[in-house]
Amino acid sequence: MLKQVITPGTRLIVATCLIGLALLLTILCAIHQPYSGLSLAVLDKENPQYPTKAIRIISSIHAQIPVGAELVSLRVANQPAFAITDKDLVEDPHFLESYAAMQQLFDRQTVLYAQLKQHQQVRVGWRLTADQSIRYTDIPVARHRPVGNLPVVFWFQLAVSSLGFLLGCWIWALRPHDLAAKVFAVQNAMYPVFAFAAAIYSTRDLALDGQLLHGLVIVNTAGALLYGSALVCLFLVYPKVLVRPAWLWLVPAFFVLWLLADSLYLLPEPSMGGDLPVTLQMLGAIVLALWQWRINCHDPRARAALRWFAACILVSCGLFVFLVQSIQLLGVETSLSQGYAFGFFLLVTIGIAVGLKRYRLFELDQWAFGILFWLAGAIVLVLLDALLIMVLSPMLSFGLAVLICGLLWLPVRGLLQRRFLLKDSLKQEELFQVVLDISFANTGQNRRQQWQQLLERLFQPLEIEEIAVIQSNEPLVEQPFKQSMIPANSQPLLAADGLALILPAIGDIPALRLQYPRQGRSLFSGQDCNLTRDLITLIQRADDSRFAYDRGVCEERSRIARDLHDDIGSRLLSGLHQQDLTQTKQVIRQSIADMRTIISGMTGQGLALTSVLDALHQETRQRLQEAGIALDWVVKLEDDSMPLNYQTYKNYISIMRELLSNIIKYAQASSVLIHISQQQGRLVTVLEDNGSGFDLVHEAHGKAETGKNTGQGINNLRQRLQVLNGQLEVQSQQLQQSKQEKTGTRLCIQIPLAGLVAGSTDQTESTGG
């Protein structure tokens with residue numbers, strides 16, 4: 001049974017849906033309350049303009065009630081007048097002095113809520129500052145609060161807590177098995193728990209159902225205590241784990257008991273149920289951060305990450321705790337709204353983002369932003385869809401608005417989606433060209449960069465990292481994040497159930513680990529594995545061709561250098577020591593002929609057999625003529641236009657030169673017959689002279705042995721014949737002339753024509769001689 005694997009993109013989508021559902025429920029809860037259209041505020045008695053704490057109307061949708069008037073009372077139908085006090089408008093019930101005051105607030109809210117819910121009109125008693133006479137105005141009470149009337153602080157609390165939640169889910173989605181990432185995710189999951197609850201009751205209109213208010217206060221306190229507990233646990237496991245993971249549950253369990261005591265009114269006062277434990281948690285986090293700093297004294301990287309991470313967490317949370325919670329605990333009143341104070345937690349979001357880039361917090365890097373940007377882009381597109389329909393709906397019918405969106409907006413939307421969220425796949429011919437560019441890159445660094453760029457275009461992974469590969473003949477074993485064990489000569493392998501793809505090294509390109517394909521929206525598949533295997537094979541074949549080309553170029557350069565040194569260099573050196581001018585000229589002519597042969601070989605083009613024989617004929621005739629030897633040159637070939645490669649005609653000419661040199665120097669001949677013919681697929685060259693001859697019988701495949709003497713010239717002939725896979729037959733013969741015995745020599749060279757054709761691959765390099 002296949003194991004189902006959840007991708008980071010799926011986790012983030014689920015988290016986004018959950019926070020979206022929570023936002024919707026929060027907004028519905030906030031608007032399904034009676035709405036009077038009055039916004040109230042408490043003015044302190046220290047204000048010289050108002051001698052006592054007064055409830056002032058700071059905004060009103062009713063023209064009869066001026067802004068700035070003092071609210072005296074509310075009266076619904078025949079019910080007794082309800083005097084609004086400063087305690088009825090308290091932002092957080094934990095700010096009250098006693099649990100009795102808290103319960104009284106809940107009871108008064110229940111009574112007023114029931115009256116406003118039952119009747120749709122309320123009589124407001126109010127008075128101006130300059131005129132102490134009380135005036136009464138009847139105003140309607142709506143059953144539901146308009147969404148547009150929800151204050152800015154309400155939306156602010158929802159926004160910052162949602163961002164914090166998504167931040168925690170972002171880290172956890174990329175490191176689902178990392179303990180610190182899990183704790184960080186739990187911490188940020190509690191952010192909207194307490195912020196959403198506080199957003200509802202801290203921005204209430206005139207009244208909220210007492211039971212609902214009490215429940216929201218408990219939810220807010222629970223979220224705050226669990227947030228602080230997770231903060232303490234986070235510094236227990238990051239950067240280093242200080243305690244056993246199983247013991248971490250003791251921290252939230254302790255504060256759950258504290259919450260239970262607060263909910264049952266067992267503590268001396270409300271501030272000890274909400275403000276005191278949060279303050280203690282903050283102090284505990286500071287102590288643990290210092291402890292982490294101490295035990296990481298020999299790890300500069302951990303200290304750098306801890307310094308930034310702790311500063312972000314402690315500053316953001318500390319500002320809220322000490323400016324809101326601790327001040328209330330000490331009985332000091334502040335004008336800073338608790339709702340806006342939640343914005344301090346936004347510093348965590350900014351700090352973590354910067355920390356990922358600078359210090360690789362949670363072992364993440366800049367690639368982690370890819371999935372976040374993708375999610376943000378998707379959310380923006382959905383919001384644009386909804387906004388466009390909302391804008392068009394008041395002016396047009398809903399059906400016409402949807403039609404316009406379908407005809408005009410959706411094509412533009414698809415273009416934006418392809419431009420910013422999706423990447424086009426490479427065409428086959430483009431892919432082939434990129435592979436060739438990788439193989440023929442001029443440096444190893446360029447090869448690595450182009451290979452990684454190709455993988456990014458194909459799979460859009462969130463992370464590509466070079467890994468240390470441990471060669472093993474065992475099956476794939478998952479190793480820590482920075483190294484992987486793969487079998488020797490392995491192919492691409494799927495790892496982490498498809499979340500990662502391990503690619504072997506390709507020459508000087510190191511092994512790579514790709515993680516979270518398609519910006520974390522999917523898994524690597526067998527098809528992806530096959531594609532990378534084909535690409536690696538193609539690159540390896542292109543590399544082999546390139547290496548063969550480079551090797552051929554190197555060998556060709558070496559051959560040219562060797563030929564220049566062995567042939568021309570040695571001839572010119574010998575010419576310097578010649579006393580006879582005629583011999584010097586002969587050496588120079590041979591050197592010029594060698595140079596022409598080498599230059600023609602550098603062009604890479606073969607020479608026709610007839611061209612080789614014509615040049616050889618002229619050279620031979622001139623040499624024999626200078627030596628006073630007659631030449632009889634006979635050529636009988638079926639096809640004299642066949643091209644010869646450089647090594648073939650170079651060795652063939654060298655063999656003929658060596659044989660003629662021996663005839664000129666030692667044979668004492670007066671005539672030479674050279675007969676070149678084609679017999680049974682072989683080029684047969686016969687040289688006969690009427691010289692003194694010698695006692696030699698030889699017939700072998702390029703192996704020359706003499707009965708008495710073995711010269712260096714014969715050894716050179718043997719080496720060159722081995723290159724051409726040729727045969728040499730040498731005979732000393734008796735000639736009868738004027739009753740005097742005179743010997744001559746007959747040499748027969750047989751070379752397979754298959755070895756003469758240009759482009760033949762069975763030729764090896766010629767040897768010097």
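**Notes on surface and buried positions**

1. At 48% relative accessibility, L21 counts as partly exposed, a class lying between buried (under 20% relative accessible area) and exposed (over 50%), with a 1.4 Å probe and protein chains only. L21 belongs to helix α1, residues 8-31, where helices are DSSP runs of H or I with at least four residues, strands are runs of E with at least two, and both are numbered from the N terminus. Together with L24, L25 and L28, L21 forms a nonpolar surface patch with about 360 Å² of accessible area. Patch members have over 30% relative accessible area and no salt bridge, with nonpolar side chains (Val, Leu, Ile, Met, Phe, Trp, Tyr) joined within 5 Å and like charges within 9 Å; accessible areas come from the Shrake-Rupley method with a 1.4 Å probe, and for residues only the protein chains shown count as cover.

2. On the basis of the model: it is predicted, so that local features need pLDDT of at least 70 and side-chain atom pairs count only at pLDDT 80 or more, while totals for chains, interfaces and linings use all residues. Residues are numbered from 1 along each chain as its sequence is written, and side-chain values use heavy atoms, with hydrogens and water left out.

3. A negative surface patch is made up of D614, E638, D639 and D640, where Asp and Glu count as negative, Lys and Arg as positive, and His and the chain ends are not counted. The place of a charge is taken as CG of Asp, CD of Glu, NZ of Lys or CZ of Arg.

4. How many salt bridges does a search of the whole structure find? The search gives 12, each being a side-chain nitrogen of Lys or Arg within 4 Å of a carboxyl oxygen of Asp or Glu. One of them pairs R457 with E430 at 3.0 Å, N to O, and this pair links distant parts of the chain, 27 residues apart, with R457 in helix α14 (residues 444-459) and E430 in helix α13 (residues 428-439). R457 is partly exposed at 40% relative accessible area, and E430 is likewise partly exposed at 33%.

5. A salt bridge also joins the side chains of D543 and R447 (3.2 Å, N to O); because D543 lies in helix α16 (residues 526-576) and R447 in helix α14, the pair ties together parts that are 96 residues apart in sequence. Both partners are buried, D543 with a relative accessible area of 5% and R447 with 3%.

6. In a further salt bridge, the closest N and O atoms of R657 and E619 are 2.9 Å apart. R657 is in helix α19 (residues 646-667) and E619 in helix α18 (residues 609-626), so this pair ties together parts that are 38 residues apart in sequence. R657 and E619 are buried. Salt bridges that share partners also join R447, D508, D543, R546 and D550 into one network.

7. N296 is placed in the loop between α7 (271-295) and α8 (300-329), yet N296 counts as buried, at 0% relative accessibility. The side chain of N296 reaches the backbone oxygen of Q292 at 2.6 Å.

8. I502, in strand β10 (residues 500-503), is buried with a relative accessible area of 1%. The C-alpha atoms of I502 and E466 are separated by 9.8 Å, the two residues being 36 residues apart along the chain.

Note on methods: A polar contact is a pair of N or O atoms within 3.5 Å; within protein, one must be able to donate a hydrogen and the other to accept it, and residues adjacent in sequence count only if both atoms are side-chain atoms.
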